[in-house]
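Start with the packing of the side chains. Then turn to the aromatic rings.

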Amino acid sequence: MAALSSQTYSPTEEAEIQQWLTTSERLKAATQPDMLDTLNAHLASRTTLLGSKPSKADVAVYEALAPAVAKWSPDERSGERGHPHIVRHLDFVQNSPQFGLGLAPEQKVKVDQDDVRYVKPPVDARAEKERLKKEKAAAAAATGGAGAAKEATLVDRTKEKIKEKAVEVKGAAAAAATAGEKPKKEKKEKAPKPQKAAPAAAPLSPALIDLRVGHILKAVNHPDADSLYVSTIAMGDQPGDDTTEYEGQVCRTVCSGLNGLVPLAEMQGRKVVVVCNLKPVKMRGIKSSAMVLAASPRLKDGDVDDHKGPVELVSPPDGAKAGERVFFQGWQGEPEGQLNPKKKIWEAFQPGFTTTDSLEVAFDAAAVEQLATTGLGKLVTASGGVCTVQSLKGAVVR
């Protein structure tokens, strides 16, 4: 492999390098077990972070982890719950001349390649398949047996009830015959149907839209759409159907039509504002479960939107945390779980999303006729900071 100075990288590789540089900073701040597990699994089938090509990301991760790994016990390095692939990667980086570290022997992390505490036993694929087949058959048999017993019990109970009812009817008929009367059929009284309370309608408000701070952990080009980025964004979710896990954090996958408008490098590791309760949609084969807010110039009468920009991402205030609620001042409230596309809540309120002369994002109530009111509310986080854009005044935000 060539030295770092002579390496060239594709845009996708450049984006991945930036992501690993961000990860290395997090590893310096706090070496979390789940982050180490993710990194160890990533390196299990790779020589370098990119696969086989060396990069400055390998050096950054080495510098972040070397002090900690130097203090690891043998079990932490190569035990059953250890991280042997991280140790192997660090040893490769510190000894390979292509990374140019030039470390003296005493500066390197001491690694004993022969001290392997745990080796995962090989799996006999055929035996494992047979074992799973037997377990499945046993479970089905157990379930079937229980079901058959339950069904037999229900049949017996039904027979008993039929006999009891027959005896009861026969007795009533005999008594009626003695009195010279025909037995009357009992009328069953119908229970009144419970009245369903009409659900209280939520007040019409932009607060119905779930806005939060999102942290882009990774962004890459969409493999099948030149205009789209695919971002992995942490936004304070619990694990669920529309989430994945990345670097130990619960994230959503988000497709954004920002390719060619916002440099991919600017998408890496940054905080944004996301709309979290739109219905997920597939965009060229990839399910997108949120939307990134961005500003663009407002069109004048007669202008045609050529989608050439400029476009600026909405930035939350410094210190804002992923998942933190974002709302317009004067319009606080609980957002809906998921917006019903038929009600067009987003379409009704988005025309009021704008930017001020001081580059703050705000909601102009006068732009939404249904509200029958006026006023400008700044877009703020729960902790009190204002969301802004870089330079666009009086812009459309969507």
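At 12% relative accessibility, Trp-346 counts as buried. Buried means under 20% relative accessible area, exposed over 50% and partly exposed in between, with a 1.4 Å probe and protein chains only. This is a predicted model: local features need pLDDT of at least 70, side-chain atom pairs count only at pLDDT 80 or more, and totals for chains, interfaces and linings use all residues. Residues are numbered from 1 along each chain as its sequence is written, and side-chain values use heavy atoms, without hydrogens and water.

Trp-346 pairs with Phe-353 edge-to-face, at 5.5 Å centre to centre and 90° between the planes. Rings of Phe, Tyr and Trp (its six-membered ring) pair if their centres lie within 6.5 Å; planes under 30 degrees apart count as stacked, over 60 as edge-to-face and the rest as tilted. Phe-353 is buried too, with a relative accessible area of 1%. Ring pairs join Phe-328, Trp-331, Trp-346, Phe-349, Phe-353 and Phe-363 into a cluster.

Beyond its neighbours within four places in sequence, its contacts (heavy atoms within 4.5 Å) include Pro-206, Phe-328, Trp-331, Phe-349 and Phe-353. Phe-363 is also among the residues with the most contacts inside the largest nonpolar core, which has 30 residues. Such a core is a set of buried Ala, Val, Leu, Ile, Met, Phe, Trp, Tyr and Cys residues joined through side-chain atoms within 4.5 Å. Apart from it lies another core of 26 residues, including Met-35 and Leu-50.

The whole structure holds seven aromatic pairs. In one, Phe-92 and Phe-99 have ring centres 5.6 Å apart and planes at 85°, so they sit edge-to-face. Phe-99 is buried at 6%, whereas Phe-92 is partly exposed at 24%.
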